[in-house]
Each structure stands twice: as structure tokens, then as C-alpha cells.
Amino acid sequence: PSLGEGELKQMEESISSKTRDLNTLREETRALDSQLGSLRASLTTAQAKERVVELGELLEKGKEKLARLKEACKDIQPEDKARIDKEHAKLTKEWRKRKRMCMDVINAILENDGCTKTKEELLEEMGVETDEAVNVKIPESGS
């Protein structure tokens, strides 16, 4: 059976229309799948309520701890605070000074023509732990 020119064109238009519809449905399906995935990853209402209660309890504990710490701070006399701050500044300055002197000596050893080690190897051999290696930062001045 031979199809006429009009029937063939009508079938091609139908196929084209159905292909567009299929592509539209696929895009909608992808969007809905994505939305479903995000919904599955989110908390259920019951889980969210549970989490709100947990966070509320944590907040209350934090508020209580803050109140205790504020109350404890009232007992510190201004002269004691000033003395402690001064001592802290003095010791921090000494820490910086000693660190600088130590690193100057290590750098001098490394600059020696006979030293073939890297800084890290030398520090390891000498048993020196740097502040950076143990994630310690010298407090800022005036703290």
C-alpha cells in the first residue's frame, strides 16, 4: 500500500509533534526526579521537629553556660584583670622572641654550605615542633 504525499506529510508532522511532546515529558521527568531526590535528602516533618527540640536544648545549655561564665567574670577585680593582661602580653612577647631566635638559628644552620637537608628534615632530626605543625597561633598583641 502506497501512501499519498499528504498522508506522508501528516504522519511526519505527527511524529515530530510526538517527539517534541516526548522531549518535554523527559525534561519534566528529570526535573521531578531532581525534586524528588532533594525531598528524600531533606528531613521529614517528624525528624525536623526532633531536630528543633535538640537544638532548643543545646541553645538552653549554651545560655546557661554563658550566664555562669558571665557570673564568674564578675568576681574578677579590675586590678587582677589588668595584672593578668600585662603578664599575658609579657609572656606572648617572650614567646615571639624565642620563636624568632630559634628560627634564626635553624635558618643559619640551613644556610651552611654543608647542610643538604630541607628545613622540615632538620626540624624533624632536631625534634623541634613548630607552632604551625601543631596548629598553634601566637595570640595577637593586645589580647
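Student: Leaving aside its neighbours within four places in sequence, with which residues is D131 in contact?

Tutor: In this predicted model, D131 lies in the segment after α4. Once neighbours within four places in sequence are set aside, the residues in contact with D131 are W95, K99, V136 and I138.

Student: Is D131 buried or exposed?

Tutor: The cut-off for a buried residue is a relative accessible area under 20%. D131 has 14% relative accessibility, and therefore counts as buried.

Student: Which term, buried, partly exposed or exposed, applies to K99, and which to E132?

Tutor: A residue is exposed over 50% relative accessible area and buried under 20%, with partly exposed in between. E132 has a relative accessible area of 51%, so E132 is exposed. K99 has 27% relative accessibility and therefore counts as partly exposed.

Student: What is the distance from the backbone nitrogen of A133 to a polar atom of the side chain of T130?

Tutor: T130 is placed in the segment after α4, and its 16% relative accessibility means that T130 counts as buried. A polar atom of the T130 side chain and the backbone nitrogen of A133 are separated by 3.0 Å.

Student: What is the phi value of N135?

Tutor: N135 is located in the segment after α4 and, because its relative accessibility is 72%, counts as exposed. N135 is a residue other than glycine, yet its phi is positive, near 55°.

Student: At roughly what angle do the axes of α3 and α4 cross?

Tutor: Two packed helices are described by the angle between their axes and the distance between the axes. Helix α3 covers residues 78–111, and α4 covers 119–126. The crossing of α3 and α4 is right-handed. Their axes come within 11 Å, and the crossing angle is roughly 115°.

Student: Which residues in α4 do M103, I106, N107, I109 and L110 in α3 meet?

Tutor: The residues of the contact of α3 with α4 divide into 7 nonpolar, 1 polar and 1 charged. On the α3 side stand M103, I106, N107, I109 and L110, and their partners in α4 are K119, L122, L123 and M126.

Student: How far apart are the closest N and O atoms in the salt bridge of D80 with R83?

Tutor: D80 and R83 are 3 residues apart in helix α3, which means that about one helical turn separates them. R83 is exposed because its relative accessible area is 52%, while D80, at 31% relative accessibility, counts as partly exposed. The closest N and O atoms of this salt bridge are apart by 3.9 Å.

Student: What is the N to O distance in the salt bridge of K90 and E87?

Tutor: K90 and E87 both lie in helix α3, with 3 residues, or about one turn of the helix, between their positions. K90 counts as exposed because its relative accessibility is 52%, and E87, with a relative accessible area of 37%, is partly exposed. In their salt bridge, the distance from N to O is 4.0 Å.

Student: To how many salt bridges does the count come?

Tutor: The pairs discussed above include D80 with R83, K90 with E87, and K99 with E132. For salt bridges, the count comes to 8.

Definitions and conventions:
Residues numbered from 1 in each chain as written. Predicted model: local features only at pLDDT ≥ 70, side-chain atom pairs only at ≥ 80, totals over all residues. Heavy atoms only, no water. Helix = DSSP H or I, 4+ residues; strand = E, 2+ residues; numbered from the N terminus. Buried < 20%, exposed > 50% of the residue type's maximum accessible area, 1.4 Å probe, protein only. Polar contact = N/O pair within 3.5 Å; in protein donor to acceptor, adjacent residues only side chain to side chain. Axes fitted to C-alpha atoms, helices over the stretch in contact; angles between N-to-C directions. Left-handed = near helix turned anticlockwise from the far one by under 90°. Contact = heavy atoms within 4.5 Å. Nonpolar A, V, L, I, M, F, W, Y, C, P; charged D, E, K, R; others polar. Salt bridge = Lys/Arg side-chain N within 4 Å of Asp/Glu carboxyl O.
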